[in-house]
Amino acid sequence: MAEEKIGVYICHCGTNIGGKVDVEEVTKWAATQPNVAVAREYKYMCSDPGQDLIKNDIKELGITRAVVAACSPTMHEPTFRKAASDGGLNPYLLQMANIREHCSWVTIDPVAATAKAKRILSAQIHRLPLNEPLEPIEVPVNHDVLVVGGGIAGIEAALKLSATGKHVTLVERNPSIGGHMAMFDKTFPTLDCAACILTPKMSALGKDPNITLMAYSEVEYVEGYVGNFTVKVRKKARYVNTDICTGCGACQEACVVRKVKSEFDQGLGFRSAIYIPFAQAVPLRATIDPAKCLTLSKGKCKQQTCVSACGPGAIDFEQKDEVVELDVGAIIMATGFELWDAAQETRYGYGRLDNVITSLEFERISNASGPTGGEIVCKNGEAPKSVVILHCVGSRDQNYQEFCSRVCCMYSLKFSHLIKEHLPETEVYELYIDMRCFGKNYEEFYRRLMDEGVNFVRGRAAEVTDVALSPDEEGRLVVKTEDTLLGIVRRIPADMVILSAGLSPAHDAKEVSQIFGFGCSANGFYLERHPKLEPVATVTDGIFIAGCCQYPKDIPDTVAQAGAAAAGVLGLVDNDTVKVEPTISYIDPEKCSGCHICVGLCPHNAIQYNEEKNAAEVIEAACKGCGVCVSACGSNVPQQRGYLDVQIFAEIEGALAV
Amino acid sequence: MRYLYYPGCSAEATGKAYDISTRALMAKLGVELIELDDWNCCGATSYFSVRELDSFAIAARNLSIAQAQGDEDLVAICNACYTTLSKTNRYMAESDEVFKAVNGALGVVGRSYDGKKPVRHIMDVLINDVGLDAVADKVTRRLTGVKVAPYYGCQYSRPMGTFDDTEFPTTMDSLFKALGAEVVDYPSKLKCCGGLMMMTKEEGALRMCHELLKTAADKNADVIVAACPLCEMNLEAYQPRVNSTFGTNFKIPVMYFTQLAGLAFGVEPKKLAIDLQLVSCDDVLAAIPA
């Protein structure tokens with residue numbers, strides 16, 4: 001061990017590290033440490049000349065171990081291990097010492113930062129002689145893909161992958177795919193009809209031989225690893241045999257329970273207990289709502305009109321949920337968003353004052369297939385003479401969601417246009433903080449709406465009230481706001497107030513992300529691997545994200561991201577094998593007493609009991625290197641490669657030696 | 001149930017009826033109120049706007065006495081007292097600087113304060129400690145048919161919203177519903193009454209009172225119930241001035257919520273100081289079924 005030659009490479013990372021840590025001092029100090037043959041500093045170690053330092057030292061100085069003191073291993077460990085490998089050194093003989101995220105970025109005092117950098121580096125210098133060369137494990141890749149969520153993001157990703165010949169299973173929680181986009185009337189700024197551009201894709205997906213559509217289903221359990229996931233999907237009982245249902249809709253016409261608030265129409269319209277959510281639904285199949293169906297909820301529906309109305313006899317009250325197991329190589333999460341609950345902002349009276357509606361409700365009201373047949377009317381059936389649209393409801397608000405929801409300015413402009421188109425005499429007001437019209441042709445659309453006569457008032461509404469202070473306000477709503485450009489407080493009478501509510505993470509985004517084994521950002525949306533360079537990957541290899549589950553975005557961005565996720569998946573599942581990290585655990589059968597403790601604890605079912613040897617053994621391809629068995633064993637038998645006890649203790653000794 | 005009780009300055013003058021009716025109501029409900037020893041002004045309104053730190057110190061003196069006097073929570077009846085005392089706790093917890101300055105000031109009079117005495121609004125006690133079920137059980141004269149406009153006032157739940165929604169509180173609504181009254185939808189419930197502006201810029205304050213009175217009249221309220229002495233005074237005492245300014249003819253009874261609630265529990269009007277009200281409450285008294 002004493003003859004090991006360690007090379008130490010310390011990165012300035014521009015001023016990220018060099019601005020705080022005295023790199024020169026650390027370099028001089030490192031050169032004096034045990035086994036260190038050479039210590040070098042460089043402005044950007046990750047650059048080609050920086051990497052060359054390591055490669056050359058391996059070749060010319062015969063370095064046998066290396067440590068790079070730079071950023072987090074999640075950032076550049078692969079870069080430097082590749083450099084070591086190119087230089088002829090086993091990549092697992094190179095360690096990272098994180099002196100950026102763990103030191104320079106989080107330490108105020110330069111002297112303390114320099115001392116801490118030495119400590120972090122010392123830990124690695126002490127452990128390096130104990131490192132063992134390891135070889136990556138190569139495992140086969142399943143070529144099939146799972147897409148979770150059937151909105152525009154999931155649809156787009158599935159179609160893209162299918163076009164390359166891959167088999168895709170798309171799981172959607174609701175009875176039909178289509179997501180939020182299917183509810184919209186027009187799309188900004190081009191004013192294409194949302195249905196016209198979405199339904200061809202939905203229909204294509206439904207007919208695609210490479211795509212298995214599992215609507216009204218939810219993923220319950222995921223195990224495995226990149227290239228080899230096993231997924232359990234619960235197919236919820238529709239109480240309708242979808243193989244013989246033709247989607248004719250006769251059952252929903254016949255059903256006696258007709259006043260169930262339609263989810264698709266945002267509760268503004270009604271559906272029956274047995275229903276097809278909307279005319280273009282894919283799959284076009286009926287579903288029984290078990291909470292509303294008299295037979296299923298109360299056990300008594302004398303007439304059972306749906307049964308007699310159904311020609312093919314598809315109704316099956318005995319149907320049960322079914323759990324289906326799938327094997328896939330990669331997963332795309334496209335689980336979307338939920339509209340922020342506007343009732344929380346009590347000042348605006350949503351749920352208390354008639355004619356205060358949410359943006360999604362307005363989408364349905366303005367939609368020709370919606371509950372009013374596309375007529376823009378108030379609750380009393382009359383056309384509004386004045387409509388006020390409040391921006392940033394729940395968004396850009398420290399009390400609720402601090403972030404900008406990115407789409408509300410633009411959809412509000414679209415609403416104004418639709419109102420002006422339907423009702424040219426109606427006054428429309430948009431109360432905004434800032435107009436954020438950032439996309440292609442967006443600013444031009446804003447300009448167009450100004451020309452159409454919409455009143456843009458810069459100010460956040462203080463409240464919506466029905467207290468009238470003048471004859472013009474009697475019997476109407478009044479929006480109170482500061483007009484920050486005029487410097488006055490205004491009372492704007494209105495017959496309809498639209499709350500442009502922000503986009504929120506799905507209520508169960510956190511639980512879902514845990515099922516799949518990745519995380520959420522502080523704002524609740526799925527966390528990408530890198531905000532700029534890996535926006536569609538997650539920390540779990542083989543799982544990608546697309547659309548609003550990552551962060552609010554408009555349709556063009558969602559579609560682009562879906563394509564990027566599909567490309568990421570293809571780069572993986574198009575191969576026959578994938579290399580996985582060898583830092584997994586192993587069990588010495590001679591030492592194992594066969595107590596079974598680790599077998600039950602392993603979260604990945606990667607340990608099995610070998611009766612012949614009376615010992616536990618690790619299934620290498622399934623082990624993810626989490627370390628649970630290592631810490632659980634009473635006899636200290638399982639050991640994790642790359643994280644051996646002796647290596648960890650050496651690190652601790654090193655950290656304490658400075 | 002025992003509480004330390006902080007009446008506040010108004011309780012000895014314009015808001016006397018609030019103090020008297022609170023004591024009578026709480027006695028009827030079996031809640032013991034122990035008046036805070038040697039209390040002083042809470043530090044409200046003018047202090048806060050002009051010399052914030054002085055205001056914290058004045059409030060903290062009361063809180064420090066309360067801490068020494070007993071383990072019970074300190075209860076305030078006035079919205080401004082409640083907010084000022086709570087705010088002092090919050091600022092002392094959030095700012096070392098305020099904590100040190102306040103204790104420096106208290107040190108001069110040989111006191112200290114850790115910023116941790118719980119401060120409660122009397123409504124919070126009624127709703128959450130006594131409880132609406134217990135309240136409903138003890139009603140002897142249900143307020144059936146009495147149309148009540150619950151007026152919370154601006155500092156009832158703002159800025160902290162500790163026991164009710166910050167921007168649209170409903171606790172007083174539920175109290176009077178439990179007492180059998182017909183609670184009218186009163187969307188101006190949290191609007192400012194004009195406060196001390198009545199002294200400095202009367203026309204502005206009168207406009208604000210006008211809005212509050214007009215809304216109550218539009219909603220056909222028989223009575224406005226208030227939870228703050230200043231709100232109560234502005235709405236009641238300035239009705240003639242509002243009428244002459246805006247050409248209206250309001251004669252709307254304004255009561256402390258403790259007065260009307262006291263009637264529902266069978267406390268005699270005299271013990272609730274209803275005779276001190278400026279706008280006659282006779283119609284309200286007559287409207288309550290025997």
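Reader: In which helix of chain B does Gly131(B) lie?

Author: This is a predicted model, in which local features need pLDDT of at least 70, side-chain atom pairs count only at pLDDT 80 or more, and totals for chains, interfaces and linings use all residues. Residues are numbered from 1 along each chain as its sequence is written, while chains are lettered from A and ligands numbered from 1 in the order in which they are written. Helices (DSSP runs of H or I, at least four residues) and strands (E, at least two) are numbered from the N terminus. The helix that holds Gly131(B) spans residues 122-138 of chain B and is α6.

Reader: Is Gly131(B) buried or exposed?

Author: A residue is buried if 20 or more other C-beta atoms, placed from the backbone, lie within 10 Å of its own, exposed if 12 or fewer, and partly exposed in between. Gly131(B) has 12 C-beta neighbours inside 10 Å and therefore counts as exposed.

Reader: How many Å apart in space are Gly131(B) and Val146(B), C-alpha to C-alpha?

Author: In sequence, 15 residues separate Gly131(B) from Val146(B). In space, their C-alpha atoms are apart by 22 Å.

Reader: Which helix supplies the largest share of the side of domain 1 of chain B that touches domain 2 of chain B?

Author: An automatic or database domain assignment sets the domain bounds, and for chain B it gives domain 1 (2-121) and domain 2 (134-287). Their contact (C-beta atoms, placed from the backbone, within 7 Å) takes 20 residues from domain 1 of chain B and 27 residues from domain 2 of chain B. On the domain 1 side, α1 (16-28) and α4 (79-94) of chain B each supply at least two residues. The largest share, 9 residues, comes from α1(B).

Reader: How many residues of that side of domain 1 of chain B are charged?

Author: Asp, Glu, Lys and Arg count as charged; Ala, Val, Leu, Ile, Met, Phe, Trp, Tyr, Cys and Pro as nonpolar; and the others, Gly among them, as polar. On the side of domain 1 of chain B that touches domain 2 of chain B, 8 residues are nonpolar and 10 are polar. The charged residues there number 2.

Reader: Which residue of β7(A) is the bridge partner of Val147(A)?

Author: Strands β6 (residues 145-148) and β7 (residues 168-171) of chain A pair in the parallel sense over 4 bridges. Among these strands' residues, Leu146(A) has Thr169(A) as its partner in β7(A). Both faces of β7(A) are covered, with Val168(A) and Leu170(A) buried on one side and Thr169(A) and Val171(A) buried on the other. The partner of Val147(A) in β7(A) is Leu170(A).

Reader: How many residues of helix α10 of chain A are buried?

Author: Helix α10 covers residues 359-366 of chain A and is mostly covered. Its buried residues, among them Leu360(A), Phe362(A) and Arg364(A), pack against β19 (337-339), β20 (356-358), α11 and β27 (496-501) of chain A. Of the 8 residues in α10(A), the buried ones number 8.

Reader: How many Å separate the centres of domain 3 and domain 5 of chain A?

Author: The assignment for chain A includes domain 3 (250-309) and domain 5 (584-640). Taken over C-alpha atoms, their centres are separated by 52 Å.

Note on methods
Two residues are in contact if their C-beta atoms, placed from the backbone, lie within 7 Å. Two strands pair if DSSP finds at least two bridges between them.
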